Amino acid sequence: MSPVKRQLPKPGELLELMQFKKPELDARKRRLDAALTISDLRTIAKRRTPKAAFDYTDGAAEGELSLARARQAFQDIEFHPDILRPAAEVDMSTEILGGPSALPFGIAPTGFTRLMQTEGETAGAGAAGAAGIPFTLSTLGTTSIEDVKAANPHGRNWFQLYVMREREISYGLVKRAAAAGFDTLQFTVDTPVAGARLRDKRNGFSIPPQLTVGTIINAIPRPWWWIDFLTTPKLEFASLSTTGGTVGELLNAAMDPTISYDDLDVIREMWPGKIVVKGVQNVEDSKRLIDRGVDGIILSNHGGRQLDRAPIPFHLLPEVVREVGKDATVMIDTGIMNGADIVAAVAMGAKFTLIGRAYLYGLMAGGRQGVDRTIEILRTEIERTMKLLGVSTLAELEPRHVTQLERLVPRASNGGVLSAASR
């Protein structure tokens, strides 16, 4: 073997290597540019947000099994790409509920959003409008219906409705959302009572936040959050007058466990736009709702924040689509942390997806710019995954592109019959 030939470095070659990147002086932009995944945004969010507020966002009910399983389900897939199928240009746009979306996902409803970062729903609505995707305002939002419309005047705004014990409160919100031009109502059915969110109880979390020795100590390395909190309008529900107490206490005081199909019928009569039912968790309810003529359903276990050990929406998806028909509008949320998760859901029959925590991690990491970064990360991941699969449009995605790998396999029931999902 001949020895390696060595020479003195040439000045011109050294200069080519010494191309220093211009430093970014904007600290917010610098940290957001360094975030390459939603998990990166979560890490930044955790560093910048007080524990109680972060845990309210990040946590789920009881042992948090539903959330962990939902995320694991998206990891437990195998993609099947087609080769020699050029997909140089990818169209990620879709039609959903009578209108366009530039991407196959929208922003899900989240409560107490200004708690995470003071820009709250305004940042989410503005970023959604700029990206050409829908934004959903929660009944428990901290920005009013009218202010969300002002933040997203030309985009698509959706409203999520809880049916309250005092029905007139819910009816009033429906009328306000319709008057503001919101085009879709999410009738939520999975919250008859509050789930046991143990992180909140352990943190002594309440609305509004209460100062304790622990919260003060936790705030010391995060002065920016407290400066924002103390120098901006009081944190309270924009659509409700009830405040004071833990999240569970507030929900239990407001929600009505007796809601029924009769309430759905009343709201349908009042609402002029599209209506979808959010929180569907089995095939039978899916069929019943589609047969009753709702415009769509959202398979969701509320991000794992209600019933722990609830069904995994992504696992439920293919069976529901088979039973209700591929033309029915079936959407999905819970557990989405990557654009590949969204591609997999569309391939398995979802017409649309919704992101909650992923959006909030971006919000906590950098306000409106952080939400923009969330959308950009997911957009890039969707585009890359579609190109690697060899598909140019969402319509080309099919169940054959995805295998859901088994981790939790149902045992035989008392009657010796496995569930349909396990066969």
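Predicted model: local features only at pLDDT ≥ 70, side-chain atom pairs only at ≥ 80, totals over all residues.
A residue counts as buried when its relative accessible area is under 20%.

**Helix α17**

The buried residues are Gly 339, Ala 340, Asp 341, Ile 342, Val 343, Ala 344, Ala 345, Val 346 and Ala 347. At the start of α17, the backbone nitrogen of Ala 340 has a side-chain oxygen of Asn 338 within 2.7 Å. Gly 349 follows the helix and has a positive phi, near 115°.

Two packed helices are described by the angle between their axes and the distance between the axes.

| Pair | Angle | Axis distance |
|---|---|---|
| α3 and α18 | about 170° | 10 Å |
| α7 and α18 | roughly 20° | within 10 Å |
| α17 and α18 | roughly 55° | within 7 Å |

Helix α3 spans residues 38-48 and helix α18 spans residues 357-389. Angles over 145 degrees count as roughly antiparallel, and α3 and α18 are therefore roughly antiparallel to each other. On the α3 side the contact includes Ile 38, Leu 41, Arg 42, Ile 44, Ala 45 and Arg 48, and on the α18 side the residues include Tyr 361, Met 364, Arg 373, Ile 377 and Leu 378. By class, this contact of α3 with α18 has 10 nonpolar, 3 polar and 3 charged residues.

Helix α7, residues 120-131, is roughly parallel to α18. The crossing of α7 past α18 is right-handed. From α7 the contact draws on Gly 120, Glu 121, Ala 123, Gly 124, Gly 126, Ala 127, Ala 128, Ala 130 and Ala 131, while α18 contributes Tyr 359, Leu 363, Gly 367, Arg 368, Val 371, Asp 372, Ile 375 and Arg 379. The residues of the contact of α7 with α18 are 9 nonpolar, 4 polar and 4 charged.

Gly 339, Ala 340, Ile 342 and Val 343 of α17 meet Leu 378, Glu 381, Ile 382, Thr 385, Met 386 and Leu 389 of α18. This contact of α17 with α18 has 7 nonpolar, 2 polar and 1 charged residues. Leu 378 of α18 takes part in the contact with α17 and also in the contact with α3.

Definitions and conventions
Residues numbered from 1 in each chain as written. Heavy atoms only, no water. Axes fitted to C-alpha atoms, helices over the stretch in contact; angles between N-to-C directions. Helix = DSSP H or I, 4+ residues; strand = E, 2+ residues; numbered from the N terminus. Parallel < 35°, antiparallel > 145°, perpendicular 65-115°, else oblique. Contact = heavy atoms within 4.5 Å. Nonpolar A, V, L, I, M, F, W, Y, C, P; charged D, E, K, R; others polar. Buried < 20%, exposed > 50% of the residue type's maximum accessible area, 1.4 Å probe, protein only. Polar contact = N/O pair within 3.5 Å; in protein donor to acceptor, adjacent residues only side chain to side chain. Left-handed = near helix turned anticlockwise from the far one by under 90°.
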